[in-house]
Amino acid sequence: MTLLKTPSPSSMEVEIQKTWIDYITPYADEIMTDHAGNAIAVLNKEADFKILLAGHCDEIGLVINRIDEQGFLYFDKMGGVNPKAAIGMRVHVLGFNQTLTGVIGVNAQHHGGIKGDFDVEDLYIDCGAKSKEEISAHVQIGDLAVYDRQPDVLMDRYITGRGLDNRTGQFIVGEVLRKLKGKEIKVGVYAASTVNEETNMGGAYFAASGINPTIAIACDVTFATDYPHVNKNKYGDITLGGGPVLAKGAPINRKINQWLEAAAERLDMPIQYELTPRMTGTDADKMRLTNKGVPVSLVSLPLRYMHSPVETASLKDIEDEIDLIVDWILHMTGKENLNPLES
């Protein structure tokens with residue numbers, strides 16, 4: 001819950017990285033950081049065969065781009081913000097010298113409301129300031145804001161809140177490393193809390209370029225389709241509680257998926273599939289194209305209501321994904337051949 005409560009809009013991940021480092025340090029042989037802001041926990045660094053697990057820590061946010069004379073704040077998107085989900089939300093404005101509470105204002109229905117297509121430039125934040133001078137003592141152009149939404153648990157089954165995309169992945173890669181600590185492993189494990197995925201995926205590029213892994217796996221979220229009004233014929237059938245999701249498509253190394261499927265079979269664990277024909281839209285895309293090329297896979301957590309203040313995931317799916325990756329790594333010999341043309 002601490003990770004979910006810590007603001008981490010893309011480009012402003014320092015505080016959540018410090019929190020993650022504090023949590024993972026007792027279980028790591030070494031903690032590495034880089035100029036992008038990634039935090040990487042390492043086990044068995046001496047091994048030649050290196051597995052990089054990447055879970056990005058940044059969340060979508062709002063970036064202040066104008067302050068009017070009345071003290072209202074206008075903003076742009078920092079990542080894939082849905083403007084319709086923003087209407088009427090309370091926000092925390094992470095000002096340069098103070099965090100302020102604000103609300104995203106909207107015309108009352110009595111005054112015509114908000115009609116038709118609109119985007120974030122039609123919205124604004126009201127922090128209660130009476131002038132540009134007053135608000136400018138706390139907020140400047142380029143400061144960020146996030147929804148003021150605390151995590152909750154639904155029916156002791158699901159977790160809901162903002163930024164599950166992808167601080168759940170950040171948590172998962174850390175928990176994998178924690179559970180591997182003290183076990184006999186024959187490969188090097190690099191659990192990376194990466195930055196900037198929601199905006200440019202640059203953190204993953206820095207991490208993979210610096211580590212030069214043998215294999216890289218992105219641990220991210222994907223679209224659940226088990227709620228009303230979703231076209232399953234178009235978007236597939238992915239359910240909360242149905243298990244981790246493996247991607248299939250051109251970017252994915254088939255051998256890695258086969259090893260993950262073998263782990264699921266050993267654990268008698270259900271798994272699901274999604275299609276990523278050309279690109280995955282995750283850190284896997286950047287990691288794959290570093291150095292001389294890195295074989296990648298994508299293991300995702302089913303998520304409802306992506307990029308909204310009420311993203312929702314299954315607690316069981318989170319635990320299953322951790323157990324799946326742990327079992328897979330424990331069965332790796334470090335001599336596996338990733339070449340699909342060779343047995």
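How far is Glu-197 from Lys-286, the nearest side chain of opposite charge? The gap is 11 Å, and Glu-197 is buried yet has no salt bridge. Here, buried means under 20% relative accessible area, exposed over 50% and partly exposed in between, with a 1.4 Å probe and protein chains only. A salt bridge needs a side-chain nitrogen of Lys or Arg within 4 Å of a carboxyl oxygen of Asp or Glu. Lys and Arg count as positive, Asp and Glu as negative, while His and the chain ends are not counted.

A quick word on the model: it is predicted, with local features needing pLDDT of at least 70 and side-chain atom pairs pLDDT 80 or more, though totals for chains, interfaces and linings use all residues. Residues are numbered from 1 along each chain as its sequence is written, and side-chain values use heavy atoms, leaving out hydrogens and water.

Back to Glu-197: you'll find it in the loop between β12 (188-194) and α6 (202-211). Helices (H or I, at least four residues) and strands (E, at least two) are DSSP runs, numbered from the N terminus. Leaving aside residues up to four places away in sequence, Glu-197 touches His-56, Asp-58, Asp-220, Gly-281, Thr-282 and Asp-283; contact means heavy atoms within 4.5 Å.

Now the cysteines. The whole structure has zero disulfides, taking a disulfide as two cysteine sulfur atoms within 2.5 Å. For Cys-57, the nearest cysteine sulfur belongs to Cys-219, 14 Å away.

| Cysteine | Relative accessibility |
|---|---|
| Cys-57 | 0%, buried |
| Cys-127 | 21%, partly exposed |

Lastly, strand β17 (residues 311-314) is covered on both faces, with Glu-311 and Ala-313 buried on one side and Thr-312 and Ser-314 on the other.
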